[in-house]
Amino acid sequence: MALIWTGAGSSLSASATLRCAALPGSGKHADRLLSALHTASPHDSAAAHRLIRKFLAKSSKSAALFALSRFLYLSSPYTLAIYEQINDASWFKWKPKLAASVIAVLEKQGRYDAAQTLASDAVARLNASRDLALFYCDLIDAFSEQGLTQSLHEAYEHLQEIPFSDRRFHGSSIKALCSMGKPADAEEKLNEMASSGFEPSPPEFKMVIQSYGQLGLFSEMRKILRSMEDAGAEIDTVCCNIALSCYGHHGKLSEMVFWMEKMRALGVGFSVRTFNCVLNSCPVLLSICSKGTIQSFSESNSRALPLSVDALLKKLEADSLSSSSSTEALLVKNLIASSVLDENLEWSSSGSKLDLHGFHVTSAYIILLNWMQELRLRFSKENAVPLEISIICGTGNHSQRRGQSPIKILVREIMFQTSSPMRIDRKNPGRFVASGKAIKEWLC
């Protein structure tokens, strides 16, 4: 069966499907190899192969596989070179899942001939219908992760031609159709899966829910949610976050308030992702935060940043320029009533730490205001004061502009405007710190 690969879309995210346990120092070794390849031989394939061969000759099997996983994760142009040399090693056992990951990276890079060669080789290796079907399932997973819609469509078409059916066949078919923006077809596959004796799992329901919601087909989205409940599957935080994200994407803030109240009634907990998907959908809040976090702080911009929960809610409720402001205030009230702050705040006599990793800028802003309010409350009720209080914000290694952390800029601005005693830790530039006694005097 021939494969014809005809183009690919842009990548939404690069993540390798191969997972290897990192050995001590193996990440550094892989990074050194990547650096050497990019600096010493950017246009010299022979030199690149020599560097890779030298690296593999002195590396263990686990270290070699870890290096390959790092190349896959970064979609490195040298992914194929290291894969081919590892593939020739006597210890290497060929796996279709790994081949699918490499094919997806090549497709993403526009190296269609190389992808075609690897795909044809994989098909030639797999004679049984089951093995071939599972390979196409691996391709669907890999193409979906890379955001390659056209390639994913072709893998789906080939999968449907194979006379084989099991749970993964149905799950991959649903995933492919949802990724292609065809939720109605995915719903049909969901029903077909059930009629074939394979009870759909929550992840399959959630894919269809998200696909309908992304297109703004909310009545259909709610129908699948009811079907999920009827099937005995739990409506959990992940499912609720999907619905919130879809409503937010289409500016349905009132629906988001209703959904959050439903979550609280059902006892479904909020998460950091709940904060992010809700607050990223609030235009007024986004505008307020952008004034305090874009590159510099002008006098007129920085003073527009409310510095307490009450001040923020008053601003939102009194803002006549935006019809969404009062709704945004309700969203903020629902969020600060959750346990997310407590889950990210360590508190003991030896020290207290607020960890902002995972929060987006607007979410971090709300959490910081809530944090100051919470500390005032704790200081008024407890005699013991932590020796040290810190905020972990990171240094921007995962920001769009490496080293320019918008969270750190936000924390610094709030600390400056409120005359906080917290300062950047000399040993850790991604941490603000002060003594507990100084923080109590500041807040109380």
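This is a predicted model: local features need pLDDT of at least 70, side-chain atom pairs count only at pLDDT 80 or more; totals for chains, interfaces and linings use all residues.
Residues are numbered from 1 along each chain as its sequence is written. Local features need pLDDT of at least 70 and side-chain atom pairs count only at pLDDT 80 or more, while totals for chains, interfaces and linings use all residues; side-chain values use heavy atoms, with hydrogens and water left out.

**The sheet**

Start by selecting the strands. Helices (H or I, at least four residues) and strands (E, at least two) are DSSP runs, numbered from the N terminus. Two strands pair if DSSP finds at least two bridges between them. The open sheet has five strands, ordered β1-β2-β3-β5-β4, and its pairing is mixed. Colour β1 (345–347) and β4 (423–424) next: these stand at the edges with a single partner strand each, so one side of each has no neighbour in the sheet.

Now show β4 together with β5 (residues 431–435); the two run antiparallel and are joined by two bridges. Within this pair, R423 is opposite V433 of β5. Contact here means heavy atoms within 4.5 Å. Then select helix α23 (residues 436–443), which lies across β3 and β5 and runs at about 85 degrees to β5.

**Helix α10**

Move to residues 183–195, which make up helix α10. Its 13 residues reach 18 Å from first C-alpha to last, close to the 18 Å expected at 1.5 Å a residue; the expected span is 1.5 Å times one less than the number of residues.

Show the side chains of P183, A186, E187, K189, L190 and M193, which are buried. Buried means under 20% relative accessible area, exposed over 50%, and partly exposed in between (1.4 Å probe, protein chains only). Look down the axis of α10: the buried residues fall within an arc of 160 degrees, so they line one face of the helix. The arc is that of the directions from the helix axis to the C-beta atoms. That face packs against α8 (149–160), α9 (167–179), α11 (202–214) and α12 (218–230) through the buried residues. On the other side of α10, E188 and S195 are exposed. After α10 comes G197, with a positive phi near 95 degrees.

**Salt bridges**

The structure holds 15 salt bridges, each a side-chain nitrogen of Lys or Arg within 4 Å of a carboxyl oxygen of Asp or Glu.

- Select D121 and R125, whose closest N and O atoms are 3.0 Å apart. Both belong to helix α6 (residues 112–125), where four residues separate them by about one helical turn. D121 is partly exposed at 32% relative accessible area, and R125 is partly exposed at 40%.
- Go to R167 and E204, which meet at 4.0 Å, N to O. R167 lies in α9 and E204 in α11, so the pair ties together parts 37 residues apart in sequence. R167 is partly exposed at 33%, whereas E204 is buried at 9%.
- Select D425 and R431, with closest N and O atoms 2.6 Å apart. D425 and R431 are buried.

Key. Axes are lines fitted to C-alpha atoms, for helices over the stretch in contact, and angles run from 0 to 180 degrees between N-to-C directions.
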